Structure formats: structure tokens, C-alpha cells
Amino acid sequence: MSHIVPARPRAASRILRAKPALLFAFAFAVMADPVSSVAYAVEAGLRALNGDLALLVPTMCLVIAVIGLVIVNYHQLVARYPNGGGASAAIGEAFGEGWAFIPIGALIVDFVLTIAISVSAGASAVIAYVPVLAVWRIPIALGLLAFVAVLTWFGHLGRLLFAVLTVAFIVITVWVLIDGIFATPQPTGEITQTAGQPPIVAIVLAFPVAMALATGAEAPSSAIAQLGQLDDRDRRRFGRTTLWLTLGIVGAITIGLALTATRLQIGIPAPEDTQIANLARVASSPAVYAAFQLATALLLLSAASSSFQAGPGLLKALARSIRHDGRATGILPRPLGRVNTHHTPYWGVVVFFLLASTMTVVAGGNDQELVLFYAVSVFLSFLAGLTAMAVFAAREHRPGVLILNVIGAIAVAFTLVMDLARIDPIASLIAALGIAGILYLSWVRAGRPAGIRNVAAEAEAEAEAEVDADTVADAHTDAGNDS
């Protein structure tokens with residue numbers, strides 16, 4: 001049996017036969033979401049600091065440190081659940097199946113916000129390069145949203161493509177950062193100094209906004225369910241490697257951008273600009289700047305596409321009426337489980353399109369408005385996972401691991417509380433808990449079918465199985481054509 005995650009073209013299928021190539025495709029595709037977050041998270045941090053560039057680097061360092069604590073704990077979670085499942089699997093095992101709906105509800109909110117923010121940030125990247133399009137911000141964002149939805153409608157995009165786009169963005173960003181070392185500082189945008197409060201207070205108040213950078217950090221813990229052709233040992237290795245690669249790459253790029261922005265004096269941008277666009281414009285040549293904007297926009301659309309696939313897939317998994325073993329598990333209306341000829345759960349796509357469109361319009365197509373609501377759902381899921389891991393460590397009498405889990409849970413809880421203290425993000429918490437409550441009641445009415453805590457992993461595994469089915473069909477078609 002070959003170690004392969006099939007992609008539709010036979011050539012791509014051959015490329016992924018080797019484990020190193022599979023790891024490359026898996027890791028860099030999964031990290032598309034967190035890597036794309038640097039397009040708006042660094043600017044969000046600076047805005048929360050009211051333009052105080054002197055505090056930007058320490059603020060982003062604190063953000064990376066918190067993400068590091070999450071990664072350390074999810075390193076253990078991946079080991080415990082090599083078949084995927086993430087926080088929902090952990091909290092469902094620790095406290096009972098019904099609790100799994102909390103991270104599931106948070107995940108649905110996260111998917112909607114990821115789509116809305118990504119297409120809005122994509123529109124911002126386009127407008128930053130062509131400022132005269134600023135008056136068309138909402139139509140551009142909705143156009144990008146529709147474009148991604150249509151692509152999703154016609155089936156899953158290849159993992160290899162996501163990986164290539166992620167690597168392209170990383171390479172061009174490194175190029176910009178190297179150019180920035182030699183560039184002449186050119187004060188751009190709004191730059192201020194924090195007044196009336198100690199710097200540490202300003203940092204603590206600002207860093208939760210920049211925690212949008214953490215979205216997608218947990219993705220490998222569920223995405224390893226796609227690797228059904230590997231054994232548990234290899235899935236653990238792939239998941240853990242991806243977690244640490246994500247931390248290293250996202251951390252390095254984030255700190256690099258913050259340092260370069262500070263050195264070049266790139267402050268809060270004008271409405272038609274973004275901070276990283278201004279940074280690339282000042283640091284590099286026009287050609288590199290153009291390539292950077294293109295790579296940024298494409299990566300953001302990849303992140304949106306990933307959530308556009310995962311969200312409807314999750315609803316489909318929740319809507320299935322009968323499991324393969326004959327047990328009933330459906331808790332959502334059956335139409336959400338229906339698929340087209342490309343195995344796409346089309347009603348789920350419609351649901352996420354409508355929700356993301358509403359969020360985009362309400363925010364005026366402005367990613368920085370949406371970022372303010374972003375981290376809450378992500379950290380609610382983190383808190384569920386880390387709390388469950390602490391419970392396991394206590395039951396199994398592992399004091400060292402327990403201390404690590406508790407420290408991580410406290411850091412996540414503190415971040416969540418500080419984020420909610422800004423009041424507006426409470427809307428995200430209400431949405432996540434509201435969805436969780438609706439799903440829980442549906443589950444109770446359905447007779448509390450077992451296996452809910454594994455639904456996230458099942459959705460990932462099923463999505464991969466559908467891509468495999470497409471690959472086999474394409475291979476048969478190619479074989480028929482060859483003959």
C-alpha cells in the first residue's frame with residue numbers, strides 16, 4: 001500500500017507517494033490559515049496599541065508566547081487522539097459527549113469569521129495595490145467570497161495547491177523582510193506614543209486583539225484524520241511536526257514583520273492601505289511589492305476556501321442519519337448532508353456563504369473590524385481542549401503534565417477574559433454558545449446518539465475519502481481514454 005494522499009491529477013498523485021512529499025503537502029496546506037493571519041493580525045495589534053510602534057514587538061512576542069503554550073499542550077492532545085478530533089474529542093471524553101458541542105459551536109463561528117475576514121483582507125490587499133478601488137470594497141469582498149464559494153461547489157481544491165500558495169507567501173515575505181534590513185526608514189501612517197498608562201498595561205490590553213494570529217493553530221489536531229493511509233505513529237508524527245512548524249514559521253514571520261515595521265516606521269495605515277502593504281512598498285522594489293500583494297491575496301483566499309470546505313463538511317457529518325455500523329447519529333436537517341456530483345454538501349455551502357456574506361457586509365468589508373471578534377471562538381475551543389487535558393493528567397497522576405496543562409489553560413482563560421472585557425467580542429461568545437446549545441438540544445431530541453465527540457475527525461476523514469473517490473473516478477476515466 002502506497003503512502004499517498006491522492007490528489008485529482010495522476011501526476012500529483014505520484015508526487016505525493018513519498019512520506020516527505022506528503023508531509024510537505026499536509027503541513028503547509030494546514031498552516032495556510034495561521035500563516036495568512038499575519039496579513040491582518042500585526043496591524044490589529046498596532047491598532048489596539050493606538051499606533052505605538054515602540055510596543056508592537058513586545059506585544060507580538062506575548063502573542064507568540066501564548067500560541068506556544070497552546071502548541072505545547074496540543075502536542076499532547078495529538079498524541080492522545082492520533083485519529084483526530086481535537087478539542088471536541090478531548091472534552092467529550094473528559095466530561096461527557098454533550099460537552100463536545102462547545103468546541104463544535106466555537107468551530108462553526110470560527111469558520112464563518114475565517115471566511116469573512118479572509119475575503120475582506122483579500123479585498124484590502126487588492127485595494128492597497130489599486131487604491132482607486134476603495135469605493136468598491138464591499139463588492140470586491142463579496143465577489144471574492146462568491147468566487148471561493150463557486151470553487152468549493154465544484155469540489156475540494158487540492159492540498160498540494162494550498163501548500164504551494166503557503167510556501168510562495170512565506171518565500172516572498174522573507175524576501176521583503178531581507179529587503180527591509182537595507183531599506184531607508186520612511187514614516188508612513190499614524191504613529192503615536194502611549195500616554196497615561198504604563199507600557200505593560202498597554203501591551204496586556206492590546207495583545208488579545210492580535211491573538212487573531214492563533215486561529216488555525218489547532219488545525220493539525222483534527223486534520224490528521226485525513227491521513228487514513230498512515231498508521232497512528234505516523235499521524236502523531238505528522239500532526240506534531242505540523243504544530244511546531246506552524247509555531248516556528250508564523251512566529252518568525254510575525255516578529256520579523258513587527259521588527260521591520262518598527263524600524264521602517266510603518267504605522268496605522270490609511271483606510272485604503274494595509275500595514276504590511278505599506279511595509280512591502282517601502283522595503284522592496286515595485287516588482288516584489290506586486291508579487292507580495294498577489295501572494296497575500298491568494299493565500300487569504302486559500303484560507304477562506306479551507307474553511308468553506310471544512311464548515312459544510314462538519315454540518316454534513318452532524319446531519320448524517322445513519323452511521324456505517326447502522327446506528328442513528330443525525331441531529332441536523334437531512335438537506336445539510338446532501339451532496340452534488342462533486343461530493344460537495346451544497347446546502348452547507350449556501351449556509352456558510354450567507355452567514356459570511358452577512359458578516360462581510362455588516363463590517364463594511366473591513367477585515368480590521370471583523371478581527372475584533374475573531375479570537376474569542378478560537379480561545380473558547382482552546383480552553384475546552386486544555387481543560388480536558390488537565391483532567392486527564394490529574395486522573396492519570398501525571399503532575400508534571402498537569403502543571404503544564406494548567407498553565408496553558410490559565411493563559412488561554414486570561415486571554416479570553418481580556419478579550420471579552422472589550423465588550424463587543426461577547427457577541428462571538430454568545431454565537432458560539434448559542435450554536436452549541438441548539439446542537440445540544442437537537443442531540444437530546446435525537447436520543448443522544450453516541451460518537452458526537454468524534455464528529456470533527458469524522459468530517460475530516462470523510463472529506464478525504466470523497467477526494468479519494470474523485471481520484472479513483474478520474475483515474476478510471478484516464479485509463480479509459482488511454483485505452
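Is Glu-218 buried or exposed in this model? With a relative accessibility of 13%, Glu-218 counts as buried, where buried means under 20% relative accessible area, exposed means over 50%, and partly exposed covers what lies in between, as found with a 1.4 Å probe and protein chains only.

## The model and its overall make-up

This is a predicted model, in which local features need pLDDT of at least 70 and side-chain atom pairs count only at pLDDT 80 or more, while totals for chains, interfaces and linings use all residues. Residues are numbered from 1 along each chain as its sequence is written, and side-chain values use heavy atoms, with hydrogens and water left out.

The secondary structure comes to 20 helices and zero strands; helices (H or I, at least four residues) and strands (E, at least two) are DSSP runs that are numbered from the N terminus. The protein has 483 residues, and buried residues make up 57% of them. Among the contacts with a separation of 6 or more, 81% are accounted for by residues 24 or more positions apart, a contact being heavy atoms within 4.5 Å.

## Salt bridges

Side chains of opposite charge can pair when their charged atoms come close. A salt bridge here is a side-chain nitrogen of Lys or Arg within 4 Å of a carboxyl oxygen of Asp or Glu, and by this rule the count comes to eight salt bridges. One of them joins the side chains of Glu-396 and Arg-80, with 3.0 Å from N to O. Glu-396 lies in the loop between helix 17 (375-395) and helix 18 (399-420), whereas Arg-80 lies in helix 5 (residues 56-80), so this pair ties together parts that are 316 residues apart in sequence. Glu-396 is partly exposed, with a relative accessible area of 35%, and Arg-80 is also partly exposed, at 29%.

Asp-232 pairs with Arg-235, their closest N and O atoms being 2.3 Å apart, and both residues lie in helix 12 (residues 232-264), three residues apart, which is about one turn of the helix. In this pair Asp-232 is partly exposed, with a relative accessible area of 31%, whereas Arg-235 counts as buried at 8% relative accessibility. Arg-237 forms a salt bridge with Asp-234, the closest N and O atoms being 3.0 Å apart, and these two residues of helix 12 are likewise three residues apart, about one turn of the helix. Arg-237 counts as partly exposed at 36% relative accessibility, while Asp-234 is buried, with a relative accessible area of 3%. Elsewhere, salt bridges that share partners join Arg-80, Glu-93, Glu-396 and Arg-398 into one network.

## Where helix 5 meets helix 6

The axes of helix 5 and helix 6 (residues 86-95) come within 10 Å and cross at roughly 75°. Axes are lines fitted to C-alpha atoms, for helices over the stretch in contact, and the angles run from 0 to 180 degrees between N-to-C directions. The two helices are therefore roughly perpendicular to each other, since angles of 65 to 115 degrees count as roughly perpendicular, those under 35 as roughly parallel, those over 145 as roughly antiparallel, and the rest as oblique.

Helix 5 contributes Tyr-74, Leu-77 and Arg-80 to the contact, and helix 6 contributes Gly-86, Ala-87, Ala-90 and Glu-93. These residues divide into four nonpolar, one polar and two charged, where Ala, Val, Leu, Ile, Met, Phe, Trp, Tyr, Cys and Pro count as nonpolar, Asp, Glu, Lys and Arg as charged, and the others, Gly among them, as polar.

Glu-218 is placed in the loop between helix 10 (199-210) and helix 11 (219-223). Leaving aside neighbours within four places in sequence, Glu-218 is in contact with Tyr-74, Leu-107, Asp-110 and Phe-382. Asn-340, in the loop between helix 14 (286-319) and helix 15 (346-362), is buried with a relative accessible area of 17%.

Phe-101 belongs to helix 7 (residues 101-129) and counts as buried at 1% relative accessibility. The C-alpha atoms of Phe-101 and Ile-435 are separated by 8.2 Å, although the two residues are 334 residues apart along the chain.
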